[in-house]
Amino acid sequence: MIDTGSLIEQAPIQDRDLLQRMSLYFDAVEHRLRLGEGWLIFNASTRRSGRIAGFIQHRLTEHRPPVSYFVMPWRDFALSAFVTEVGLPSLAPVVATDARARAEFDLAARVTSSTWTQMLSTDLLVVIGCKPSQRHEAELLDRTLENRQSQKLATILMTPDMPGQLEADLETVAPHGRYWDSIFGRMYETGLVAM
């Protein structure tokens, strides 16, 4: 079994400081989770976010008593957002007259409901690769963070973007800064920020 120190030493120099800071976070994870403290990590490319997510999972699986957590790639989050915000509402009129469509609708509704429940009930939600490109993605992310913050549940959000780029992407999907101000504000208020 690889120990935490080895994981940190094996990481590229740019990540060692972050993993050391995260190690301190996980040394007191019960306290941090009780306060709802998470992380907003910018500049987390696919490889980097994979390393960080692996470190998080390593620290959480070794923790006793167990901590409930849900690691969700952005692709899955975006798909859930589409089904929840666009797909199901657009199919609702059709299902009233088509039994087969109703069965498929019910299955999709159960799956997205189960995902939504996990996102809102685990002690720690880890979203990897956050890159909203559609309004419904930004909307569901904002609503998820709002719900988790109101319950004092921690979230770790990793994005491949730097702050300015994420802000620009959110401005593109919803002008006037509503989502950037809300999402960044919630994460800044309830957690640590890293680049």
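Modeller: The discussion goes from the overall fold to single residues, and the model is a predicted one.

Colleague: How many helices and strands does the protein chain have, and in which pattern do they follow each other?

Modeller: The protein chain has nine helices and five strands. Along the sequence they are arranged as α-α-α-β-α-β-α-α-β-α-β-α-α-β. The radius of gyration is 18 Å, close to the 16 Å that the globule rule gives for 195 residues, so the protein chain is as compact as a globular protein of that length. Its C-alpha atoms fill a box of roughly 60 × 40 × 30 Å along the principal axes.

Colleague: What share of the residues is buried, and what share of the contacts joins residues at least 24 apart?

Modeller: Of the 195 residues, 44% are buried. Among contacts between residues at least 6 apart in sequence, 80% join residues at least 24 apart. As for the surface, the protein chain exposes about 10,000 Å², and carbon and sulfur atoms supply 55% of that area.

Colleague: Where does S49 lie, and is S49 buried or exposed?

Modeller: Relative accessible area is the value to read here, and under 20% counts as buried. S49, in helix α4 (residues 46-62), has a relative accessible area of 4% and is therefore buried. Leaving aside neighbours within four places in sequence, S49 is in contact with A44, I128 and M158.

Colleague: How many aromatic pairs does the structure hold?

Modeller: There are six aromatic pairs. In one of them, the ring centres of F42 and F184 are 6.4 Å apart and the planes stand at 40°, so this pair is tilted. F42 is in the loop between β1 (38-41) and α4, whereas F184 is in helix α9 (residues 178-190), so the pair ties together parts that are 142 residues apart in sequence.

Note on methods
Residues are numbered from 1 along each chain as its sequence is written. This is a predicted model: local features need pLDDT of at least 70, side-chain atom pairs count only at pLDDT 80 or more; totals for chains, interfaces and linings use all residues. Side-chain values use heavy atoms; hydrogens and water are left out. Helices (H or I, at least four residues) and strands (E, at least two) are DSSP runs, numbered from the N terminus. The radius of gyration is taken over C-alpha atoms; the globule rule is 2.2 Å times the number of residues to the power 0.38. Buried means under 20% relative accessible area, exposed over 50%, partly exposed in between (1.4 Å probe, protein chains only). Contact means heavy atoms within 4.5 Å. Accessible areas come from the Shrake-Rupley method with a 1.4 Å probe; for residues, only the protein chains shown count as cover. Rings of Phe, Tyr and Trp (its six-membered ring) pair if their centres lie within 6.5 Å; planes under 30 degrees apart count as stacked, over 60 as edge-to-face and the rest as tilted.
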